[in-house]
Amino acid sequence: MPSAPTRTYMILHPTTDNVAIVVIKKRSKAAVTGSPTAVTVTLRNFGGRPQGGVVRLFVDGATEPIDFRDIDAIPPGALYSVDFRHVFRTQGSHYVEARFF
């Protein structure tokens, strides 16, 4: 007899810290070598209490962030956006990553 599929659920306590980066978006129409490119990082607090931290922006796999923003507190259920500017020095594709700590 075949076994029924199993499902795993993660049940969070309402006060669990749970902030996620939900969007990283280039705001500039075009990224031009030598000119600032605007990048917006949007976070959402999925937890049950206000949560603060630091958003760090990394480019092209660097181990150190190129910039960071301190966030005092994101209310439960709220979205919060932070803006960054970066000047790309070379042409071609680039990898942008944001991390929340």
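I started with strand S3, where 7 of the 9 residues are buried, so the strand is largely enclosed by the rest of the structure. For my own bookkeeping, buried is under 20% relative accessible area, exposed is over 50%, and partly exposed lies in between, with a 1.4 Å probe and protein chains only. Strands here are DSSP runs of E with at least two residues, numbered from the N terminus.

A note on what I am looking at: this is a predicted model, in which local features need pLDDT of at least 70 and side-chain atom pairs count only at pLDDT 80 or more, while totals for chains, interfaces and linings use all residues. Residues are numbered from 1 along each chain as its sequence is written, and side-chain values use heavy atoms, with hydrogens and water left out.

**Entry 1: the sheet around S3**

I asked which strands sit with S3, and in what order. I found an open sheet of 3 strands in the order S4-S3-S6, with antiparallel pairing. Two strands count as paired if DSSP finds at least two bridges between them. The edges are strand S4 (67-74) and strand S6 (96-100), each pairing on one side only. From one strand to the next, the twist averages 20 degrees; the axes behind that angle are lines fitted to C-alpha atoms, and angles run from 0 to 180 degrees between N-to-C directions.

Next I went through the pairings. Strand S3 (residues 51-59) is joined to S4 by 6 bridges, and the two run antiparallel. S3 also pairs with S6 in the antiparallel sense, over 5 bridges.

S1 meets strand S2 (residues 36-45) through 7 bridges in the antiparallel sense. Within that pairing, I see Val23 opposite Thr42 in S2.

**Entry 2: a nonpolar patch**

What lies on the surface with Val22? I found a nonpolar patch made of Val22, Val23, Phe46 and Leu79, with about 350 Å² of accessible area together. The patch rule takes residues with over 30% relative accessible area and no salt bridge, and joins nonpolar side chains (Val, Leu, Ile, Met, Phe, Trp, Tyr) within 5 Å, like charges within 9 Å. The areas come from the Shrake-Rupley method with a 1.4 Å probe, and for residues only the protein chains shown count as cover. Val22 is found in strand S1 and is partly exposed, at 38% relative accessible area.

**Entry 3: salt bridges**

Side chains of opposite charge can pair when their charged atoms come close. My criterion was a side-chain nitrogen of Lys or Arg within 4 Å of a carboxyl oxygen of Asp or Glu. How many salt bridges does this rule give? The count comes to 3.

- Asp83 and Arg27 form one, with the closest N and O atoms 3.2 Å apart. Asp83 lies in strand S5 and Arg27 in the loop between S1 and S2, so this pair ties together parts that are 56 residues apart in sequence. Asp83 is partly exposed at 41% relative accessibility, and Arg27 is partly exposed at 46%.
- Arg69 and Asp67 meet through their side chains at 3.0 Å, N to O. Arg69 is partly exposed at 27%, and Asp67 is partly exposed at 23%.
- Arg99 and Glu97 pair with their closest N and O atoms 2.9 Å apart. Arg99 is partly exposed at 31%, and Glu97 is partly exposed at 21%.

**Entry 4: a histidine in S5**

Is His86 buried or exposed? At 17% relative accessibility, His86 counts as buried. Leaving aside residues up to four places away in sequence, His86 touches Ser35, Pro36, Thr37, Val59 and Ile66, where contact means heavy atoms within 4.5 Å.

Notes
Helices (H or I, at least four residues) and strands (E, at least two) are DSSP runs, numbered from the N terminus.
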